[in-house]
Every structure is written in structure tokens, then in C-alpha cells.
Amino acid sequence: MNSFQNARRIVFKVGSSSLTYETGLINIRQIEQLCRILADIKNSGRDVILVSSGSIAVGTAKLGLKARARSMPEKQAAAAVGQCELMYLYDKHFSEYHHKVAQILLTRDVVEDPLRKQNVQNTFESLLRMGAIPVVNENDTVSTEEIEFGDNDTLSAIVASLTGADALVLLSDIDGLYEKNPAECPGAPLIPHVPAITPYIESIAGGAGSSRGTGGMATKISAAKIALGCGCVMAIVNGSKLETLYSLLEGRQVGTTFGGDLYD
Ligand code: ADP
């Protein structure tokens, strides 16, 4: 038995690289499968919260911009368009399984202000009580450097802490944490379980990964610190192998798991 098996409330984070192709267009099969499996997990009696990136990438493609939006106003405009498209897709696919989605857009200043933080927590609780699936993103259209989370790995860990989640699952473009970045060292072994974040673990996290991802492993390790700090276990799982989520929640070893005495 592991802590994922018992988790009643789970935050899932999906990155742009799992939702879009290199072209920037939506990976339809991927988003359909993600919604089907999360709807099923919700049906099994667990609270599901989804933190989804992708607004800028999806908006850039929808607007037909040739290159990735560069200036801040361009990115924010692309995010405004892309966020609508993403929510339309989530609503459409979750509705097929009779689930309701709710959009929550956050900036750092909201969670740093006690009153606004409490308001957001109350909203999450009400939504979950009503059976909705909150879909969370950074509020990219208003975010500036001073008030941004910077990356959705960190945001998802903060959401896990705000909502008292039992587990955080980061869906990545890779199977988990390796002893070295496999992009540079192809034979590097996967680390199945990280009981605690040590300086060694921080040292192997490296820099940002793909052109469409933002944080690489470094932000995932920071997320693990936040999650573990509030008693929430975490896993990094390959977002292109979504069926493995069932195995993880049945107590089997998948990807890299972090924290707790998972396998006793
Ligand atoms: P996503 O948001 O989809 O998770 P990222 O690009 O942000 O994508 O992060 C995953 C990337 O981190 C991997 O594809 C890999 O290139 C990079 N990376 C750096 N160090 C490591 C490591 N030690 N183990 C695994 N991946 C690593």
C-alpha cells in the first residue's frame, strides 16, 4: 500500500509539452485521454484538481502567430485567447463524463494576502463540495514578474498546500527524475523513490528542459519541497503514459515518487 492509494484529494499538473505538439497545436488524443482518466479517478470518489499550463502556447497557435509570442503584451494577449480555448476543451471533454469544470486563475499576491488566500481556499472547498473539478492556471493575462509564480510546478504545489491535498502528481514529458538529465546522458538510471529532498537530489535537477516546458526538474524539486513540507506526497509521471496513473493510485511504483513511508 502507498500513500497514493489512500489519497482522497489529488492535484494533477499538466505541462504545455504534454498538451501540445511541437507545432503548438493541441494534442487532441492526449487531452481527451487526460480528461477521461481524471473523470474516472473522480468517479472513484477522490477530489480532483487540475493545474494546467498551455494558455500561451495554445493562444499563439490559435492566433496564427508565426513564432512563440515574445513581448509581455503579446504573451498576455496569447494567454487570454489560449485560456478560453483550453477551458472550452476541458469543459467539452469532462462534460462527456458528466463532470463540471471551474476555472481558477491565480497570481502570487493572492495567496500572500491572508484575506484573499482564505477566499480562494473557501472557493476551492465549495467547488469540491459541489463536485466540480477546479482547473487552475497562473493568471497570465495580468501577471507581471512581481506577482507571478513563474512556473506551474510551483503553482501546483502551492495549490496542493492551499487545498490540503494528500497527493500531487506532475505529468511531465519524461518518466521521472533520473540521476542525470537523460537529454545529456541517455543511460542515466531513473530514481524510483525520493524519501526526502537532499542536496544531492537538488544537484541532479539541472536547468529548464524542453522549449515548450518551462521549469525542467529544478522547479519540480522545489514543488516537492513545498508538497512534502505540508504532508502531501508527490510523483513525477510521464504525461504520455496516462494509463500508469491507475497503477500509481493502486499502490504500484510508477515514475518517481517523493516523500512519506510509501511502501511499507
Ligand atoms: P514538463 O513541464 O512537461 O515536465 P519540462 O521541460 O519542464 O517539461 O521538464 C522535464 C525536462 O527536464 C526533461 O525533459 C529533461 O530534459 C529535463 N531534466 C533536467 N534534469 C533532469 C533529470 N535529472 N531527470 C529527468 N529530467 C531532467
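This tour moves through selected residues of a predicted model.

Residues are numbered from 1 along each chain as its sequence is written, and side-chain values use heavy atoms, with hydrogens and water left out. Because the model is predicted, local features need pLDDT of at least 70 and side-chain atom pairs count only at pLDDT 80 or more, while totals for chains, interfaces and linings use all residues.

Select Arg 9 and Asp 47 to begin. They form a salt bridge (a side-chain nitrogen of Lys or Arg within 4 Å of a carboxyl oxygen of Asp or Glu), with the closest N and O atoms 3.0 Å apart. Arg 9 belongs to strand 1 (residues 9–14) and Asp 47 to strand 2 (residues 47–52), 38 residues apart; strands (E, at least two residues) and helices (H or I, at least four) are DSSP runs, numbered from the N terminus. Arg 9 is buried at 13% relative accessible area, as is Asp 47 at 19%; buried means under 20%, exposed over 50%, and partly exposed in between (1.4 Å probe, protein chains only).

Next, select Glu 243 and Arg 36, whose side chains meet in a salt bridge at 3.2 Å, N to O. Glu 243 is partly exposed at 40% relative accessibility, and Arg 36 is partly exposed at 34%.

Proceed to Glu 85 and Lys 62, a salt bridge at 2.9 Å, N to O. Glu 85 lies in helix 5 and Lys 62 in helix 4, so the pair ties together parts 23 residues apart in sequence.

Finish at His 98, in the loop between helix 5 (72–96) and strand 3 (101–106). His 98 is exposed, with a relative accessible area of 71%, and its phi is near 65°, a positive value in a residue other than glycine.
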